[in-house]
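Have the model open as you read.

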Amino acid sequence: MEMANASAGPPLIELRAVRKDFPFGQDRLFARGSGAVHAVDGVSFEIRPGESLGLVGESGCGKSTIGRLVLGLHEPSGGTVLFKGRDIHGLDRTERVAYRRSVAAVFQDPWSSLNPWMRVGDIVGEPIEINTRSTRAEIQRRVAELLDDVGLASRSARQYPHELSGGQRQRVSIARALALRPELVVLDEPVSALDVSIRAQVMNLLHDLQLRYRLSYLLIAHHLATMKFLCHALAVVYLGRIVEAGETRSVLANPRHPYTQALITAALPAEKRASRGAVAIDIVGDVPSPADPPGGCHFHPRCPYVMDRCSREVPQLLGAEHAVRCFLY
């Protein structure tokens, strides 16, 4: 099912019924039995050039694992990850190197992802030095361009990460991600560690860079405001399954799945909840363990609209423009 605005040309990245299980057993420290953590369970989506898809859900729902599958850091237990129509795990060595240059990542905490012993210029230039045959002068010119692109002064190249603010460090992370001119950037909670005012600046930067370079984004976040601003399409993930997906405006304005409704309710100020009427719902409890998920609809133990069939049958993700996995529909 397509989860991005319709546009000409094939998808840049596509997941088809992707699963990812992490086995565990008696040989694992403190393990009480054998089994598997079902981190991703039959996820399908596609992203076209210049567009962005947001994955939203509580911690532990499998969003970051999906991001790592797209980056090629994990191999699926089932299903296929396609880049421009090619299975990324069927590429030869040369093609795989090219793929890794086409896909980059920006993570949540720039402090832990930047080498504190390296100057900013070396951090940003390192991917170019490793992956190309550029001269030192060419690398320095490219670093200067990248720092300018992300709104950092040229003198930043001589500084160390600890001399920069959190927002500046994240700009360095973005510059490094763009060093090899990728086509797709996986953004894993890129602004959640920043102050609100700085968050808005980085979001504007990401938006401008996407338009300038026709980047595609896979955005993993729990801030719905970030999704609304940056994402063409939205997929709501619960215990490794997509439970609702469609254009971001449609999903946020007319949430259908009770879990989506609860996420939106939690993000609203108290005075605005009443105005949403029946759409405003609260859920209790924590996400169940993916090592032992509930049968049927994974959400049924926490759902205020649960029916008898919900614990026995698995609802399908149905709908073209706005899909939902729920027996209420």
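Of the 329 residues in the chain, 47% are buried, meaning under 20% relative accessible area with a 1.4 Å probe and protein chains only. This is a predicted model, where local features need pLDDT of at least 70, side-chain atom pairs count only at pLDDT 80 or more, and totals for chains, interfaces and linings use all residues. Residues are numbered from 1 along each chain as its sequence is written, and side-chain values use heavy atoms, with hydrogens and water left out.

As for the fold, the chain has 11 helices and 11 strands, counted as DSSP runs (helices H or I, at least four residues; strands E, at least two). Its radius of gyration, taken over C-alpha atoms, is 21 Å, close to the 20 Å from the globule rule for 329 residues, so the chain is as compact as a globular protein of that length. That rule is 2.2 Å times the number of residues to the power 0.38.

Lining residues have an atom within 4 Å of a point. The largest cavity holds about 90 Å³, the space filled by probe spheres set on the points. Its lining has 15 residues, with C297, C303, C310, C326 and F327 nearest the centre.

| Lining class, largest cavity | Residues |
|---|---|
| Nonpolar (Ala, Val, Leu, Ile, Met, Phe, Trp, Tyr, Cys, Pro) | 12 residues |
| Polar (the others, Gly among them) | 2 residues |

Key
1 Å grid on protein atoms, 1.4 Å probe; cavity = no way out; pocket = protein on both sides within 12 Å on 5 of 7 lines; lining within 4 Å. Buried < 20%, exposed > 50% of the residue type's maximum accessible area, 1.4 Å probe, protein only.
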